[in-house]
Amino acid sequence: MSPSFLYWDFTRAGGPGSGKGTQCSNIVQNFGYTHLSAGDLLRAEIKSGSENGTMIQNMIKEGKIVPAEVTIKLLQKAIQESGNEKFLIDGFPRNEENRASFESITGIVPEIVLFFDCSEEEMEKRLLNRNQGREDDNIETIRKRFKVYMESSLPVIQYYDNLGKVRRIDAAKPIDVVFEEVKAIFEKVDA
């Protein structure tokens, strides 16, 4: 059986602070998926002190997208180590090159793409108030991430939307209400 993948994308209309991490936790608990956060994997690589980690850290500070090969390698390792066949991939693909590389290298196309629609103002407010101590949760980097999203990630969402794979969710609603919408989608997927 090949793994089943669901992508979440980053930033305005699915961006940082739109509630993806919170909803991933709910999905893992209720539907048995493994949550793989590209951002968490990249931050772990930074903490490892490797040469790759230094390059990743510099790119994140600038609000840039890490090369696809680096993130795909980290994702593949996490997939192999998980022992599960159902995955939520959070924060990847971030651009068209990421998407094409991932599908080409792994042969995997997502079953669905959850798109958490949330205003830039609301996401900015959430990120500044989440107090996770992350280096990239400052106003300057947050705004760079939003800009990168609009230029690079939104076309990926549009690509999958043209294939009928995107499921839009109003992420500005309360967490419980958002999860009810998510549950309805997953109940159909797992049926």
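Modeller: Happy to! A polar contact is a pair of N or O atoms within 3.5 Å; within protein, one must be able to donate a hydrogen and the other to accept it. Please keep in mind that this is a predicted model.

Colleague: Thanks. Where does the side chain of Lys165 reach a backbone oxygen, and at what distance?

Modeller: That side chain reaches the backbone oxygen of Pro110, and the distance is 3.0 Å. Since the cut-off for a polar contact is 3.5 Å, the pair is within it.

Colleague: Is Lys165 buried or exposed, and which side chain of opposite charge is nearest?

Modeller: Lys165 is buried and has no salt bridge. The nearest side chain of opposite charge belongs to Glu103, 7.7 Å away.

Colleague: Where along the chain is Lys165, and what does it touch?

Modeller: Lys165 sits in the loop between α7 (139–162) and β5 (166–170). Leaving out residues up to four places away in sequence, Lys165 touches Val109, Pro110, Glu111, Ile112, Val113 and Tyr160.

Colleague: Let's zoom out. How many helices and strands does the chain have?

Modeller: There are eight helices and five strands. Along the sequence they come in the order β-α-β-α-α-α-β-α-β-α-α-β-α. The chain has 191 residues, of which 48% count as buried. For contacts between residues at least 6 apart in sequence, 75% join residues at least 24 apart.

Colleague: And how does β2 run relative to β3, parallel or antiparallel?

Modeller: Strands β2 (residues 34–37) and β3 run parallel, joined by four bridges. In one of the pairs, His35 has Leu88 of β3 as its bridge partner. Strand β3 itself, residues 86–90, is mostly covered, with four of its five residues buried.

Colleague: Now α5. What caps its N-terminal end?

Modeller: Asn95 does: a side-chain oxygen of Asn95 lies 3.2 Å from the backbone nitrogen of Glu97. After α5 comes Gly107, whose phi is positive, near 75 degrees. Within α5, the residues Asn98, Arg99, Ser101, Phe102 and Glu103 are buried.

Colleague: Why does Asn98 count as buried?

Modeller: Because its relative accessibility is 0%, and buried means under 20%. Beyond its neighbours within four places in sequence, Asn98 is in contact with Ile65, Val66, Ala68, Ile72, Phe92 and Pro93.

Colleague: Tell me about Pro93, then.

Modeller: Pro93 is in the loop between β3 and α5. At 2% relative accessibility, Pro93 also counts as buried.

Colleague: Last one: what else does UniProt list for "binding site"?

Modeller: The unreviewed entry lists Gly17, Ser18, Gly19, Lys20, Gly21, Thr22, Arg130 and Lys173. Thr22 belongs to helix α1, residues 20–31. Thr22 counts as partly exposed because its relative accessible area is 38%, and that class runs between 20% and 50%.

Terms used
Residues numbered from 1 in each chain as written. Predicted model: local features only at pLDDT ≥ 70, side-chain atom pairs only at ≥ 80, totals over all residues. Heavy atoms only, no water. Buried < 20%, exposed > 50% of the residue type's maximum accessible area, 1.4 Å probe, protein only. Helix = DSSP H or I, 4+ residues; strand = E, 2+ residues; numbered from the N terminus. Pairing = 2+ DSSP bridges. Contact = heavy atoms within 4.5 Å. Lys, Arg positive; Asp, Glu negative; His and termini not counted. Salt bridge = Lys/Arg side-chain N within 4 Å of Asp/Glu carboxyl O. UniProt positions renumbered as here; feature names shortened; annotations may be inferred.
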